[in-house]
Amino acid sequence: MQAWRVHENGEPGEVMQRDEVDVPTPGEGQLLLKVRAANINFPDALLCRGQYQVRPPLPFTPGVEICGETEDGRRVIATPVLPHGGLAEYAVADAGSVLPAPEALDDAEAAALHIGYQTGWFGLHRRAALKEGETLLVHAAAGGVGSAAVQLGKAAGATVIGVVGGPEKAEVARALGCDVVIDRRSEDVVAAVKEATGGRGADVIYDPVGGAAYAQSAKAVAFEGRIVVVGFASGSIPSPALNHALVKNYAILGLHWGLYNLKDPAAIPRCHETLTAYAAKGLIKPLVSERVAFADAADAVQRVAEGVTTGRLVVLPEGARA
């Protein structure tokens, strides 16, 4: 079968190569899945660089999120077990982690549902306890992770402020349903948030960026607000001033969604049921900005690594319908 593999760590566009390899053999408790669509996540770029918390042995196939098909014909979503990731014709996944693909979503959309929307739901509801009528600020609102949080915030009845970089991404954020869009390249984010909220600030801030975005969050968060730290796409990990959190009465909440697989695995299928119901009602729909040919997978991972994309880039196997 055809598979993209990383033989040495480095930039995705340089180290990913297309190989002819044997179809992987699933181990005990695992399933072999035919890949119908593979969603590209920022962790795929970190895996290529050797900077992710998981470092599979070389060579490995990246691709941490797919829509696949079981040997008995079921359409499912899964997070493949490395080194047999989703940027290949076949992937391997733990049987207990495989979930049914929502009928309301096509293969590319289903491939982009699992990690981003589960992260968003756990971050906004389980960690931050977002309430109807509150104000939610989402950094990188036009990106894959941010766009999921925007849709989930609207589904929860929140007023959503989206922060983006550039006019093209601002248009995407407006189309997603953001009530207020702030272009960080041309506007003062903190001042714009205060103006939009009558000086109060945002009740919940969803931050997958870190760096300067976190510094803005600390200044723009409301009394008894909650900052949810999801990731550090900027490459800069902030050092919060805890005295500031104390005097302003706000909470800093970490979210590592993958830990729920270990600490509370039953919560994940429950969340998936909620997300499936949302999809059936049209409340959420992954923003698939590009359906990428298999031959162009390395370039797509590189573009995600550089932060120049909007929504989700989903790689389709050869012969798949776009």
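The legends below describe close-up views of one predicted model. Local features are given where pLDDT is at least 70 and side-chain atom pairs at pLDDT 80 or more, while totals for chains, interfaces and linings use all residues. Residues are numbered from 1 along each chain as its sequence is written, and side-chain values use heavy atoms, with hydrogens and water left out.

**View 1. Helices α4 and α11 pack against each other.**
Two packed helices are described by the angle between their axes and the distance between the axes. Helix α4 covers residues 114-127 and helix α11 covers residues 267-281. Helices (H or I, at least four residues) and strands (E, at least two) are DSSP runs, numbered from the N terminus. The angle between α4 and α11 is about 100°, and their axes are 10 Å apart. Axes are lines fitted to C-alpha atoms, for helices over the stretch in contact, and angles run from 0 to 180 degrees between N-to-C directions. The two helices, α4 and α11, are therefore roughly perpendicular to each other. (Angles under 35 degrees count as roughly parallel, over 145 as roughly antiparallel, 65 to 115 as roughly perpendicular and the rest as oblique.) From α4, the residues in contact are His114, Tyr117, Gln118, Trp121, Phe122 and Arg126; from α11, they are Ala267, Ile268, Cys271, His272, Thr274 and Leu275. Contact means heavy atoms within 4.5 Å. Seven residues of the contact of α4 with α11 are nonpolar, four are polar and one is charged. (Ala, Val, Leu, Ile, Met, Phe, Trp, Tyr, Cys and Pro count as nonpolar, Asp, Glu, Lys and Arg as charged, and the others, Gly among them, as polar.)

**View 2. Aromatic rings form pairs in the model.**
A pair of aromatic rings is described by the distance of the centres and the angle of the planes. Rings of Phe, Tyr and Trp (its six-membered ring) pair if their centres lie within 6.5 Å; planes under 30 degrees apart count as stacked, over 60 as edge-to-face and the rest as tilted. The count by this rule is three aromatic pairs. One of them is the tilted pair of Trp4 and Phe294, with 6.4 Å from centre to centre and 50° between the planes. Trp4 is in strand β1 and Phe294 is in the loop between β14 (288-293) and α12, so this pair links distant parts of the chain, 290 residues apart. Both Trp4 and Phe294 are buried. (Buried means under 20% relative accessible area, exposed over 50%, partly exposed in between, with a 1.4 Å probe and protein chains only.) Trp121 and Phe122 make an edge-to-face pair, at 5.6 Å centre to centre and 80° between the planes. Phe122 has a relative accessible area of 0% and is therefore buried. Ring pairs join Trp121, Phe122 and Tyr260 into a cluster.

**View 3. Helix α2 contains buried residues.**
Helix α2 spans residues 42-49, and its residues Asp44, Ala45, Leu46, Leu47 and Cys48 are buried. The elements that cover them include β1 (2-6), α1 (12-15), β2 (16-20), β3 (30-39) and α12 (297-306). Just after α2, Gly50 has a positive phi of about 75°.

**View 4. Leu137 sits in strand β8.**
Strand β8 is made of residues 135-139. Leu137 is buried because its relative accessible area is 1%. Leaving out residues up to four places away in sequence, Leu137 touches Ile161, Val163, Val193, Ala202, Val204, Ile205 and Tyr206. Leu137 and Val180 are 43 residues apart in sequence, and their C-alpha atoms are 9.3 Å apart in space.

**View 5. The side chains of Thr197 and Ser147 reach backbone oxygens.**
Thr197 belongs to the loop between α7 (189-196) and β11 (202-207). With a relative accessible area of 16%, Thr197 is buried. Its side chain reaches the backbone oxygen of Val193 at 2.8 Å. (A polar contact is a pair of N or O atoms within 3.5 Å; within protein, one must be able to donate a hydrogen and the other to accept it, and residues adjacent in sequence count only if both atoms are side-chain atoms.) Ser147 is in helix α5 (residues 144-155) and is buried at 2% relative accessibility. A polar atom of the Ser147 side chain lies 2.7 Å from the backbone oxygen of Gly143.

Pro59 is in the loop between α2 and β4 (66-69). Pro83 is in the loop between β5 (75-78) and β6 (90-94).
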